[in-house]
Amino acid sequence: MLPNQSPAEAKTEQADLLFVTYGRHGEAPAPVIAAATPADCFHMAYEAARIAVKYMTPVYLLTDGYLANGSEPWLVPESKDLPAILVHFRTDPENFYPYSRNENNVRPWAIPGVPGLEHRIGGLEKQNITGNVSYDPDNHDAMIHLRAEKVKGIEKDIPLQEVYGEQSGDLLVISWGGTFGAVRSTVDKLRRSHHKVSHAHLRYLNPFPRNLCDILKNFKKVFVPEINLGQLAKLLKSEFLVPVVQFNRMRGLPLKSTELEKAIIETLSKDPVAQIESAVHGKGAK
Amino acid sequence: MADIKGNGGVAPAGAGAQTKKYAAKDFASDQDVRWCPGCGDYSILAQVQRILPELDVPREKHVFISGIGCSSRFPYYMEAYGVHGIHGRAPAIASGVKTANPDLTVWVATGDGDALSIGGNHFIHALRRNIGLKILMFNNQIYGLTKGQYSPTSELGKKTKSTPYGTVDYPFNPVQLALGAAGTFVARSMDRDPKHLQQVLLRAARHNGTAFIEIYQNCNVFNDGAFEILTEKETKPDHVVYLENGKPLIFGKENDKGIRLNGFTPEVVSLKDGKWRVNDLLVYNESSLDLAVLLATFSEREGFPTPVGVFYKADRKSYEQMLAEQIESVTQKRGAGDLDKLLKSGNTWEVSAN
């Protein structure tokens, strides 16, 4: 989990999404989630721990400077209301295989100190099931797929994406992280003036919620405001092959509602084809 | 918490538990060993497997953690828990394992590149913290796994694949570095001196806190003979001095040479010409940091023998001991932790219904 995404001057931005999604040696996917509001930081930290333990994987939790410096009323939870994070530690040496997997493709938790479960983990590829060091090319290919499937499979265990407003319409604004407040208030304002605009704020970025593809297809245009040069936009385009309109500002400050509003209205008024062409040619929606 | 002098860094077998008697082969895993034929690593592996049965620690309580490099394949060959970790980061992983599970005996297998270059930062801080890790650093003065580039211990001017005209880097002296980083057990041994290596390994295993052993290891493919003068029968006696606590520093083919101190300056003297006798020689004291620091320079001093053995050993509380003590004392004062109280502490308030 990364703490604040911190540019040198420690101002708010969202420039580490691609880094945490792809910034590793080899094919080694890891889940990425992001908090939407200051209060949501607690829940998403808890969620990160749940996923990490249940799926035996590092989890990246993204927050940003705006969330760290922001505040909101938050009902302090009772510990008894927090869902238990259960972990089963293997103790039975009978038929123990360190690289066997459960229904979620997760290996057994066999921790040092337990007699009969001695085994080795680490950087060299292991034979599926047995965990022996393996140089077999087909085994390596299979293991790469297994690890990818494990992370992809987490989509079954996270909430479906919710859409604020109508489930279809002229334009869907997709945001993530600390821009939630600015984007939601802008969408509210536009909706009050009868624009057919909806909002989806993503808290799960890898894997994406499993209904996200269908949601995207229900809107004529997809508008993605970010405090970076289009990192979520890049992920959405490559994952779902949908054209998106980007809105990117990197001033170390939160997005401004007035600017967003203007850009969304402009996007709504443009011919979709021209819109995409202008996006492709790098002019964005300025 | 165990008494600091108790059984040192070695985990107890558990009250009433009958420790199984092991043989060296019980610690050999069934994985194919993939080091080059003739590699010094085989000897280090064999000596570790030989001494483990003497420790009275159940096999499942041993964890071997490594970074990247030839040396770092070590955990695969041990029938124990093992983690082949991230380049240079074995001390970080091992620190977590030991802190969370103080009853485990945690070993770190690393090399000169992994420990001193890629992981230099982790290495010095593990030593400073005196966390209960046994760090075995296989020093072959070369990057072997990547086929022969100069390492942070390669001698100045060494020609390698990455330095065709010789290095222009001064090397680290690992013993000096470990002493400077406040290590509490700093030793050196050699792959080709199995008996000595076993003794040093046993003492390291029983040390409370971080134990560091620099092990001179011959890479017979990319840096063959780097330590030949120290390991070959003919040359060894005149070039190696064994450090033994409470004993004078004597060396030479006929035990005819010694080290004496002339003020702060060490001198190599002959015991043959009648001028100096054994009583005039420096008696080694492994609890003296001053002597350790002085002796650490010998391997680079012209005309001086290279010391092997325990340079320095200090009794200091380990990180995990102090952590446990702190938790205990704070718990006694303030009671066991309460998550709900913690959540409601600080700037929280209640909104009432009316």
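Two residues are in contact if their C-beta atoms, placed from the backbone, lie within 7 Å. By that rule, the contact between the chains takes 17 residues from chain A and 25 residues from chain B.

This is a predicted model: local features need pLDDT of at least 70, side-chain atom pairs count only at pLDDT 80 or more, and totals for chains, interfaces and linings use all residues. Residues are numbered from 1 along each chain as its sequence is written, while chains are lettered from A and ligands numbered from 1 in the order in which they are written.

Look at the side of chain B that touches chain A. Its residues divide into 12 nonpolar, six polar and seven charged (Ala, Val, Leu, Ile, Met, Phe, Trp, Tyr, Cys and Pro count as nonpolar, Asp, Glu, Lys and Arg as charged, the others, Gly among them, as polar). β2 (81-84) and α11 (339-343) of chain B each supply at least two residues. The largest share, four residues, comes from β2(B). Helices (H or I, at least four residues) and strands (E, at least two) are DSSP runs, numbered from the N terminus.

β2(B) also meets a strand of chain A. Three bridges join it to β3 (residues 120-122) of chain A, and the two run parallel. Gly122(A) has His84(B) as its bridge partner.

Now turn to chain A itself. An open sheet of three strands has the order β2-β1-β6, with mixed pairing (strands pair if DSSP finds at least two bridges between them). β2 (60-62) and β6 (204-206) are the edge strands. β1 (residues 32-34) and β2(A) run parallel, joined by three bridges. There, Ala34(A) stands opposite Leu62(A).
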